[in-house]
Amino acid sequence: MHYPSSTGRAAEFLGVTEPRLNDLIRRGKIDPVPPVVAGRRLWDQQHVAQAAAALDLPVAKPATDRKGV
């Protein structure tokens with residue numbers, strides 16, 4: 001996964017829905033909250049790891065960018 005990512009890409013990576021991730025934000029499970037740029041949240045590795053922990057999912061290790069491989 002490339003960082004930063006939108007909520008949709010973070011949800012796809014974690015195998016959940018966007019509303020589920022938004023619920024984690026509303027309930028204070030993601031701190032600090034991913035910033036909003038141009039109307040979209042930008043999730044970085046820290047935010048995705050917090051979401052995975054809150055959802056009781058295994059945290060994937062970051063992959064290197066393998067474009068063209």
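**Figure 1. Overall fold of the predicted model.** From the N terminus on, the protein runs α-α-β-β-α. That order comprises three helices and two strands. Helices (H or I, at least four residues) and strands (E, at least two) are DSSP runs, numbered from the N terminus. This is a predicted model: local features need pLDDT of at least 70, side-chain atom pairs count only at pLDDT 80 or more, and totals for chains, interfaces and linings use all residues. Residues are numbered from 1 along each chain as its sequence is written, and side-chain values use heavy atoms, with hydrogens and water left out.

**Figure 2. Surface and burial.** The protein has 69 residues, and 23% of them are buried. Buried means under 20% relative accessible area, exposed means over 50%, and partly exposed lies in between (1.4 Å probe, protein chains only). The accessible surface comes to about 4800 Å². Carbon and sulfur atoms account for 51% of that surface. The areas come from the Shrake-Rupley method with a 1.4 Å probe; for residues, only the protein chains shown count as cover. Contacts are also counted along the sequence. Among contacts between residues at least 6 apart, 42% join residues at least 24 apart. A contact means heavy atoms within 4.5 Å.

**Figure 3. The largest nonpolar core.** This core has twelve residues. They are Ala10, Ala11, Leu14, Leu21, Leu24, Ile25, Ile30, Trp43, Val48, Ala51, Ala52 and Leu55. A nonpolar core is a set of buried Ala, Val, Leu, Ile, Met, Phe, Trp, Tyr and Cys residues joined through side-chain atoms within 4.5 Å. H1, H2 and H3 are the elements that give two or more residues to this core.

**Figure 4. Close-up of Leu21.** Leu21 sits in helix H2, which spans residues 18–26. Its relative accessible area is 0%, so Leu21 is buried. Leaving out residues up to four places away in sequence, Leu21 touches Thr7, Ala10, Ala11, Leu14, Val16, Trp43, Ala51 and Leu55. Val48 lies 27 residues from Leu21 in sequence. In space, the two are 9.5 Å apart, C-alpha to C-alpha.

**Figure 5. Close-up of Thr7.** Thr7 belongs to helix H1, residues 7–14. With a relative accessible area of 9%, Thr7 is buried. Its contacts, not counting residues up to four places away in sequence, are Glu18, Leu21, Asn22, Arg41 and Trp43.

**Figure 6. The buried face of helix H3.** Helix H3 covers residues 45–54. Its buried residues are His47, Val48, Ala51 and Ala52. Seen down the axis of H3, these fall within an arc of 135°, so they line one face of the helix. The arc is that of the directions from the helix axis to the C-beta atoms. The buried residues of H3 pack against H1 and H2. One of them, Ala51, touches Leu14, Leu21, Leu24, Ile30 and Trp43, not counting residues up to four places away in sequence.

Figure 7. Asp44 caps the N-terminal end of H3. A side-chain oxygen of Asp44 lies 3.0 Å from the backbone nitrogen of Gln46. Just after H3, Asp56 takes a positive phi of about 60°.

Figure 8. The structure holds three salt bridges. A salt bridge is a side-chain nitrogen of Lys or Arg within 4 Å of a carboxyl oxygen of Asp or Glu. Side chains of opposite charge can pair when their charged atoms come close. Asp23 and Arg20 meet at 3.2 Å, N to O. Arg26 and Asp23 meet at 3.9 Å, N to O. Asp23 and Arg27 meet at 2.9 Å, N to O. Salt bridges that share partners join Arg20, Asp23, Arg26 and Arg27 into one network.

Figure 9. Asp23 and Arg20 are three residues apart in helix H2, so about one helical turn separates them. Arg26 and Asp23 also lie three residues apart in H2, about one turn of the helix. An α-helix has 3.6 residues a turn, so residues three or four places apart point the same way. Asp23 is partly exposed at 23% relative accessibility. Arg20 is partly exposed at 31%, and Arg27 is partly exposed at 45%. Arg26, with a relative accessible area of 62%, is exposed.

Methods:
Polar contact = N/O pair within 3.5 Å; in protein donor to acceptor, adjacent residues only side chain to side chain.
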